[in-house]
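Colleague: I would like to learn how to read a model of this kind feature by feature, with the general idea set out before the particular case. Could we take the chain itself before its partners?

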Protein chains: 2
Amino acid sequence: MAMSNSVEIPFSTTLLVRDTCLCLHAQRAARALARLFDDALRPAGLTNGQFSLMMSLNRPEPPPMGPVASLLAMDQTTLTAALKPLQRKGWVSVMENPKDRRGRLLALTGEGKAVLATALPIWKETHAALDQKLPDGSSARLRQDLQTVSGMTDETPKPAGRRLR
Amino acid sequence: MAMSNSVEIPFSTTLLVRDTCLCLHAQRAARALARLFDDALRPAGLTNGQFSLMMSLNRPEPPPMGPVASLLAMDQTTLTAALKPLQRKGWVSVMENPKDRRGRLLALTGEGKAVLATALPIWKETHAALDQKLPDGSSARLRQDLQTVSGMTDETPKPAGRRLR
DNA sequence: CCATTTTATATTGATATCAATCTTTCTAGT
DNA sequence: ACTAGAAAGATTGATATCAATATAAAATGG
């Protein structure tokens, strides 16, 4: 033994990683924003994730699960799980696609639309307040940069060509 | 009945929310980056979160839990949970603080330091590759903006003055 | 010194997240 | 049509996340 000293990482390196790691900064900001919106949306009975998911289902035609998972940049299995509580509450309906019986079509129910309509003004206020607190053009720039990062990671043309995961 | 139409949210609104919501963009980017680093760090046996946590414990003096949770912008209860698997693996030690027996002091074990040392070059490569793929100054700017957002949300001097949650 | 309050952390319960794997169904090539 | 492979989701198991609440110990005021 006495080998454990040979793998010491200098404290300065730790500080460097802490300060520069984009992944860490993204996780922190995501957690902070999630709490901000979760708190604001709580009276409407929604979390930030549920709000985003339900909003993404508010379209003319019910989408299948795959594209929705892609849009939210989440694993397909995560989407399956996230739908469960929304189905239980009767806010989202998951039906078999008659054109392709492997697939599911996701739609908001009337009640789901009502809940979403309640949440919308809260989102507007919260987001406006957030924008205002950010320095001048930060908001648009940050949004743009985040989009770049999100889009970058699944563009690696893997051997067999599967993009997501 | 027939009331469900009164709460329809226009599709254009949905598109607006999707495109502008900073929270959604942050969640997506966070998920994408998490996957990127999780994949890269897998050979070292760490997730991105475990890497960040363990790196934050690499200091001269073992810190208590509160400051570490703050640093990572995570709930204290999340930190308690996140420590469990690391303790089980023998990479992190959690000991009672003799100066304040409510508190715990967190430290990397020798084995933990070794694991972290294995992961460090992977982090370096992955982060360098990420930086390179981002347009010119995006990386630094994004980091700065994310930090602003993270710092903003817990600065609301609540009635009794409690900052975190 | 004692009662109250505050602080630090743990526990519980619910949802979120993903890897690995499985089933079902569709599609292609023959 | 048949069969091999691909595609869409579901399930399982592990970790992550937070609200609500509980516990224990320190700090504080009288």
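Modeller: Helices (H or I, at least four residues) and strands (E, at least two) are taken as DSSP runs and numbered from the N terminus, and on that basis chain A comes to 7 helices and 2 strands. Read along the sequence, the elements of chain A follow the pattern α-α-α-α-α-β-β-α-α. This is a predicted model, in which local features need pLDDT of at least 70 and side-chain atom pairs count only at pLDDT 80 or more, while totals for chains, interfaces and linings use all residues. Residues are numbered from 1 along each chain as its sequence is written, and chains are lettered from A and ligands numbered from 1 in the order in which they are written.

Colleague: What is the mean pLDDT of chain A, and over which residues does pLDDT stay under 50?

Modeller: pLDDT is the predictor's confidence in each residue, from 0 to 100; its mean for chain A is 88, and 88% of the residues of that chain reach 70 or more. Over residues 155–165 of chain A the value stays under 50, and for that segment the model has 4 contacts beyond four places in sequence, a contact being a pair of residues whose C-beta atoms, placed from the backbone, lie within 7 Å. For the model as a whole, the scores are ipTM 0.89 and pTM 0.88.

Colleague: How should I read burial, and is A69(A) buried or exposed?

Modeller: A residue is buried if 20 or more other C-beta atoms lie within 10 Å of its own, exposed if 12 or fewer, and partly exposed in between, with C-beta atoms placed from the backbone. Buried residues make up 33% of the 165 residues in chain A. A69(A), which is found in helix α4 of chain A, has 20 C-beta neighbours inside 10 Å and therefore counts as buried. Leaving aside residues up to four places away in sequence, A69(A) touches M74(A), D75(A), Q76(A) and L79(A). By contrast, T118(B), in helix α6 (residues 110–133) of chain B, counts as partly exposed because it has 15 such neighbours inside 10 Å.

Colleague: Which backbone angle deserves a look in A73(A)?

Modeller: The phi of A73(A) is positive, about 55 degrees, although the residue is not a glycine. A73(A) lies in the loop between α4 and α5 of chain A, and it counts as buried because it has 23 C-beta neighbours inside 10 Å. In chain B, A73(B) likewise has a positive phi of about 55 degrees without being a glycine, and A73(B) is found in the loop between α4 and α5 of that chain.

Colleague: How many residues does each chain bring to the contact?

Modeller: Chain A brings 61 residues and chain B brings 61 residues. On the side of chain A that touches chain B, the elements giving two or more residues are α1 (11–20), α2 (22–41), α3, α6 (110–133) and α7 (138–153) of chain A, and α2(A) gives the most, with 16 residues. Since 100% of the interface residues of chain A are also interface residues in chain B, the copies meet through the same surface.

Colleague: Which residues come nearest to DNA strand C?

Modeller: A residue is near a strand if its C-beta atom, placed from the backbone, lies within 6 Å of it. Of the 29 residues around DNA strand C, A81(A), P64(B), G66(B), T77(B) and G103(B) come nearest. The largest share of that surface, 6 residues, comes from α2(B).

Methods:
Contact = placed C-beta atoms within 7 Å.
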